[in-house]
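Subject: Structure for you to look at

Hello,

Here is the structure I promised to pass on. My notes follow below it.

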Amino acid sequence: MCRYLSKYALIFLFLALSGLIFLLRNIHTVENWNCHTISALYQLQSRIQSPFVPAYLPTFQHNRTFCAHLGQKPFPEDEVEERYLLDSIVWPGPPPGSATTGLRQTSDPVHSLFAILPTKGRREWHVGDELEALVQMHDFQGRPKHYGGDFLLARLHSPELGAGVAGKVLDHRNGFYSAMFPLLWVGSAQVEITLVHSSEAVAVLRRLREERPDRVFFKSLFRLGFLSETTVCNMCLPSDQQPLCNYTDLYTGEPWYCYKPKMLSCDTRINHAKGGYLKHLITNKEASLFQSGVNIKVRIHASGPDRINVLPPRKEVEVENSSANPEPGKLSSSGYFYEDSWRSLSGVTIRPFNDSSAITQCLKNKVINMYGDSTVRQWFEYLIELVPGLKEFNLHSPKNVGPFMAVDSIHNILLKYRCHGPPIRFSTVLSSELRYVSNELDGLSGGPNTVVVLSVWAHFSSFPVEVYIRRLRHIRRSLVRLLDRAPGTIVVIRSGNLQALDQEVSLFNSDWYSLQLDEVLRSMFRGLNVLLVDAWQMSLAHHLPHALHPPQVIVKNMIDMLLSYVCP
């Protein structure tokens, strides 16, 4: 009996030693794999290696309702508003059957022309008049286009005066467009018309937005001890391919999902990160519609003079003709640049804050809460750089991610920045720091010494517009509650702005996407006691090149407007 026990003991000892050796070897492997995983996550760039795509990414069903209608069921009045908003941004497209059109039949800025129309019954332009330029689009064969849908930008500017104002483009849907400008300064004024995308290119962008909300994908790292896994995450993931972790927000119902790790539980998620951008989204024929220097942000030339001389305002007041201007409300601008300074036409008297002491006095005894994407983080960075008394408090947050905080204890100023909740394309955000703006607003006491600054737009361009409407609806409800309980709270919303485009950026972050979101944002917050800083018109009116993060001279004008509203 003892002999058998001794024999079994040796076998068990051998097995135990073998298991221990195996475990030690695998712990070493897991440690190495874990380090490589974390390192790779922090070093992810905006481009994804094509071999990665089939191994990790889901097969997406091209159904817009799948992504657009996730989350809490909207109230009937919300559904009515959503239909109104979607109808208000409907964009004319090419006629049926033109999907197979080659490049030669699409809009060509080189062959297209514009002309300044003469004044009605007069030979002179004066401040207070409106200028109209008529644009006729042609294709690459020089033939006139007979349908609309091209995305054009219009600007009236004077390089000598540092002046500029955004124009309004009216699509006549027959190949002709009118660009309308208010005349706001005395002196030279030059018309500039730019083709951003042809109507055929816009049709591709619209299809991608509705059918491929997965073209920007996200990842999360799950970790427990030495074991870690990384899975794909997004607002809408097919649930029929593998189990999901549901991170839908309990208060707003905002949906967010990750594929469940194979060996770890859902509550071991430690961070969120941008995974990358999908490739091969469009055909070669469609790719020809997105060529830098050919049909992306190329200027259209004038068939005659492209500039006029503007005289001082007329002395007589022509009351009888004042109502004859077409759609005066729609043609009005929110402001214009003169001598590189923004002059608001929206009722806010802007004064320059050129030194740190003036900014400090304005913000004394105030708490400024900034929420949103990197375009409002740029404001935070501008203020702490300009005001020496604002000392950034080290929260050990990842660079360019946050949250960030700066304090001026002498003047009792607290400045804070926090990014909005997913989708957010930052490099790596800790799961514990993922907060939805509406929830943060509900946690504020508010009051006359509280300033709230919001900028939520740049990370929503790859999703159906319904997703953005839902996010803004939650933010608006929280703002209404905040203003009800603390009416003196100052709320400022920064709009989206134009940016530099090439083919890759166009497919994910085109100005056309930003324009559509911008129109939704303006409609949804119209009538609320909030200030809109019109970054769109500022970036369009200024002579410097477009950039996602505008140059400092434009940011200064935005900050001047913010501070003028806080300290009128």
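**A strand pair**

Glycine 335 stands opposite serine 344 in strand S17. This is a predicted model, in which local features need pLDDT of at least 70 and side-chain atom pairs count only at pLDDT 80 or more, while totals for chains, interfaces and linings use all residues. Residues are numbered from 1 along each chain as its sequence is written, and side-chain values use heavy atoms, with hydrogens and water left out.

Strands here are DSSP runs (E, at least two residues) and helices are too (H or I, at least four), numbered from the N terminus. S16 covers residues 335-338 and S17 covers residues 341-344. The two run antiparallel and are joined by four bridges; strands pair if DSSP finds at least two bridges between them. They form a hairpin with two residues between them, and glutamate 339 in the turn has a positive phi of about 55 degrees.

Both faces of S16 are covered: Gly335 and Phe337 on one side, Tyr336 and Tyr338 on the other, are all buried. Buried means under 20% relative accessible area, exposed over 50%, and partly exposed in between (1.4 Å probe, protein chains only).

**Leucine 289**

Leucine 289 lies in the loop between helix H6 (284-287) and strand S14 (298-302). Its relative accessible area is 7%, so leucine 289 is buried. Leaving aside residues up to four places away in sequence, leucine 289 touches Thr106, Glu200, Ala201, Val204 and Asn295; contact means heavy atoms within 4.5 Å.

**Confidence**

The mean pLDDT (the predictor's confidence in each residue, from 0 to 100) of the protein chain is 88.

Regards
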